[in-house]
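Have the sequence and the 3D structure open while reading this briefing. It takes a few single residues and then turns to the helices and the protein as a whole.

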Amino acid sequence: MQQQNPYNIHLIYRELLTPQPMFENYVRSKLYRIHQFMTELVEEAIACGEIVADIKATHVAFTLEGIIMFFFLMHSHICELGNFQNGAELDYLLQALNTYLASLSKK
């Protein structure tokens with residue numbers, strides 16, 4: 001989604017900080033759909049026994065969304081600060097997500 005519409009995340013974040021009535025339904029619907037999707041993925045992982053069952057799926061979803069949102073909001077700064085070359089910053093994102101998910105793993 002982000003690669004197809006790279007400025008959507010900036011619009012959503014700006015609307016979260018300074019809401020405008022014109023975009024409220026748009027932002028809300030986008031965020032709700034993303035959160036619902038992420039929560040369902042986590043619920044599936046819990047049901048399959050991949051992650052611990054004593055955690056709320058919605059809490060995990062919020063944390064994952066925060067990691068992803070921060071990455072895309074700060075993408076150019078992350079590339080510069082991390083001195084990443086030619087897409088290597090995506091490895092950082094995957095490592096950050098995997099590290100968090102590993103902390104929830106039953107294995």
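Met 22 is located in helix α2. The model discussed here is a predicted one. Met 22 has a relative accessible area of 69%, and it counts as exposed because the cut-off for that class is over 50%. From Met 22 to His 59, the distance between C-alpha atoms is 29 Å, and the two residues are 37 apart along the chain.

**Overall build**

- The protein has five helices and zero strands.
- In sequence order, its pattern reads α-α-α-α-α.
- The C-alpha trace spans about 40 × 40 × 20 Å along its principal axes.
- The protein has 107 residues, and 27% of them count as buried.
- Among contacts with a separation of 6 or more, 53% are between residues 24 or more positions apart.

- Which residues of α1 are buried? They are Ile 9, Leu 11, Ile 12 and Glu 15.
- These residues lie on the same side of α1, because they cover an arc of only 160° around the axis.
- An α-helix has 3.6 residues a turn, so residues three or four places apart point the same way.
- The buried residues of α1 pack against α2 and α3.
- Tyr 13 also belongs to helix α1, which runs over residues 8-17.
- Is Tyr 13 buried, exposed or partly exposed? Its relative accessibility is 35%, so Tyr 13 counts as partly exposed; that class lies between the limits of 20% and 50%.
- Together with Leu 16 and Leu 17, Tyr 13 makes a nonpolar surface patch of about 290 Å².

**The largest nonpolar core**

- In soluble globular proteins, nonpolar side chains tend to be buried together.
- In this protein, the largest nonpolar core has 20 residues.
- The residues with the most contacts inside this core are Val 42, Ile 51, Val 60 and Leu 64.
- Which elements give two or more residues to the core? They are α1, α2 (21-47), α3 (57-73) and α5 (89-104).
- Helix α3 provides the largest share of the core, with seven residues.
- Val 42 is in contact with Ile 51, Ala 57, Val 60, Ala 61 and Leu 64, when neighbours within four places in sequence are left aside.

- Ile 46 is a residue of helix α2.
- What does Ile 46 touch, apart from residues up to four places away in sequence? The residues are Ile 51, Val 52, Ala 53, Ile 55 and Ala 57.
- Ile 46 and Ala 57 are 11 residues apart along the chain, and their C-alpha atoms are separated by 8.0 Å.
- Ala 53, one of the residues that Ile 46 touches, sits in the loop between α2 and α3.
- Ala 53 counts as exposed, because its relative accessibility is 53% and the class begins over 50%.
- The C-alpha atoms of Ala 53 and Glu 43 are 9.0 Å apart in space, and the two residues are 10 apart in sequence.

How values were computed: Residues are numbered from 1 along each chain as its sequence is written. This is a predicted model: local features need pLDDT of at least 70, side-chain atom pairs count only at pLDDT 80 or more; totals for chains, interfaces and linings use all residues. Side-chain values use heavy atoms; hydrogens and water are left out. Patches are made of residues with over 30% relative accessible area and no salt bridge: like charges are joined within 9 Å, nonpolar side chains (Val, Leu, Ile, Met, Phe, Trp, Tyr) within 5 Å. Accessible areas come from the Shrake-Rupley method with a 1.4 Å probe; for residues, only the protein chains shown count as cover. A salt bridge is a side-chain nitrogen of Lys or Arg within 4 Å of a carboxyl oxygen of Asp or Glu. Helices (H or I, at least four residues) and strands (E, at least two) are DSSP runs, numbered from the N terminus. Buried means under 20% relative accessible area, exposed over 50%, partly exposed in between (1.4 Å probe, protein chains only). A nonpolar core is a set of buried Ala, Val, Leu, Ile, Met, Phe, Trp, Tyr and Cys residues joined through side-chain atoms within 4.5 Å. Contact means heavy atoms within 4.5 Å. The arc is that of the directions from the helix axis to the C-beta atoms.
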